[in-house]
Amino acid sequence: PSCGAEIVTDATTAASFCYYCHNPVVMEGRLEGSYHPDYVIPFAIDREKAKEIFLGWLKKKRYVPADFYSPEQIEKMTGVYFPYWLYSCQVDGRMEAEATKLRVWDTGDMRYTETQKYDVSRQGQMKVEHVTRNALKKADKQLVEGVMPFDLKEMKPFSMAFLSGFMAEKRDMEKQEFRQEIETEVKAFAADSLRSSVGPYNNVSIRSQSAQLQNPRWNYALLPVWTLTYKGKKDGKIYYFACNGQTGKICGKLPVDSMKLWIFFLEIFLPLLAVLLVAGYLI
């Protein structure tokens with residue numbers, strides 16, 4: 001109710017806190033019916049390892065407010081299963097082109113150029129597996145996509161037991177919203193693959209090309225992410241840290257402590273000013 005985020009958990013969970021704004025919420029959503037996922041990737045990184053990754057990442061961040069990584073704040077780190085659509089298909093591609101090879105040589109005072117022309121034809125089939133799209137509008141896109149990719153070979157058939165001890169979000173975006181974008185992307189990838197298979201010619205001119213998508217399949221999966229969010233005291237903005245719960249890949253948007261930045265400026269500026277004043281006095 002505070003920030004509009006949608007939270008879905010196991011039926012036995014009645015209350016928790018929002019991982020966006022940390023306010024308490026009562027959850028009524030269920031992962032059932034059409035919202036029942038096909039697959040899940042279980043968390044391979046536990047909370048302690050996620051904390052270790054977080055603290056190691058912060059060592060290089062000098063100007064983060066201390067309360068962002070205080071013990072109380074770190075304890076709010078939450079394992080969340082985010083929803084994703086996975087698209088798979090087979091692509092039948094074909095390309096017709098004209099290619100040329102040039103050979104130039106000199107004989108005496110004469111320069112010769114030989115141009116060879118070729119008809120080029122390429123065709124083939126490509127299996128496309130699990131093109132992934134975030135299926136939650138309310139999630140920060142950078143948060144849920146910044147930790148990708150996942151190793152989708154490790155997916156398992158979904159069971160509610162995997163959610164024990166974690167939070168989960170159900171999707172609020174349907175596959176129709178991604179269909180045109182993904183089909184265009186897959187066709188472009190297939191066309192690029194056919195063009196890259198053409199040999200070392202000086203020039204290739206495409207006459208025609210096509211890509212037909214066969215046996216399209218959509219799957220709905222929950223994928224694991226450790227999240228930690230922080231509301232800036234001065235600007236009220238939400239900052240976050242995210243860690244892929246399978247691979248450990250991280251991303252984040254961090255607040256800046258203006259006081260720490262000012263102190264750093266003084267540490268650099270004052271000694272430099274003193275040196276310049278002394279040098280000016282001696283000169």
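This tour moves through a predicted model, one selection after another.

**The whole chain**

Begin with the protein chain in a cartoon view, where five helices and 10 strands can be found. Of its 283 residues, 37% count as buried. Next, consider how the chain meets itself: among contacts with a separation of 6 or more, 78% are accounted for by residues 24 or more positions apart. Switch to a surface view; the accessible surface comes to about 16,600 Å², and 54% of it belongs to carbon and sulfur atoms.

**The aromatic pairs**

A pair of aromatic rings is described by the distance of the centres and the angle of the planes. In this model the count comes to 13 aromatic pairs. Select Trp-85 and Trp-218, which form an edge-to-face pair with 6.1 Å from centre to centre and 90 degrees between the planes. Trp-85 belongs to strand 4 (residues 78–107) and Trp-218 to strand 8 (residues 203–231), so this pair links distant parts of the chain, 133 residues apart. Is Trp-85 buried or exposed? Its relative accessibility is 5%, and therefore Trp-85 counts as buried. Trp-218 is also buried, with a relative accessible area of 14%.

Now select Phe-166 and Trp-226. These two residues form an edge-to-face aromatic pair, 6.0 Å centre to centre, with 70 degrees between the planes. Phe-166 lies in the loop between strand 6 (156–157) and strand 7 (167–168), while Trp-226 lies in strand 8, so the pair ties together parts that are 60 residues apart in sequence. Phe-166 counts as partly exposed because its relative accessibility is 25%, whereas Trp-226, at 3%, counts as buried.

**Charges over rings**

Select Lys-170 together with Tyr-35. Lys-170 lies over the face of Tyr-35, at 4.4 Å from the ring centre. Then move to Arg-171 and Tyr-220, where the charged end of Arg-171 sits over the ring of Tyr-220, 4.6 Å from its centre.

Centre the view on Phe-241. Leaving aside its neighbours within four places in sequence, Phe-241 is in contact with residues including Ile-53, Phe-54, Trp-57, Met-77, Trp-226, Ile-250 and Cys-251.

Select Cys-251, whose place is in strand 10 (residues 250–253). Cys-251 counts as buried because its relative accessibility is 13%.

Which residues are in contact with Cys-251, leaving aside its neighbours within four places in sequence? They are Gln-142, Leu-143, Gly-146, Val-147, Tyr-240, Phe-241 and Ala-242. Finish by drawing a distance from Cys-251 to Phe-54: the two are 197 residues apart in sequence and 10.0 Å apart in space, C-alpha to C-alpha.

Key. Residues numbered from 1 in each chain as written. Predicted model: local features only at pLDDT ≥ 70, side-chain atom pairs only at ≥ 80, totals over all residues. Heavy atoms only, no water. Phe/Tyr/Trp six-rings, centres within 6.5 Å; stacked < 30°, edge-to-face > 60°. Helix = DSSP H or I, 4+ residues; strand = E, 2+ residues; numbered from the N terminus. Buried < 20%, exposed > 50% of the residue type's maximum accessible area, 1.4 Å probe, protein only. Lys NZ or Arg CZ within 6 Å of the ring centre and 35° of its normal. Contact = heavy atoms within 4.5 Å. Areas by Shrake-Rupley, 256 points an atom, 1.4 Å probe, with all protein chains shown as cover.
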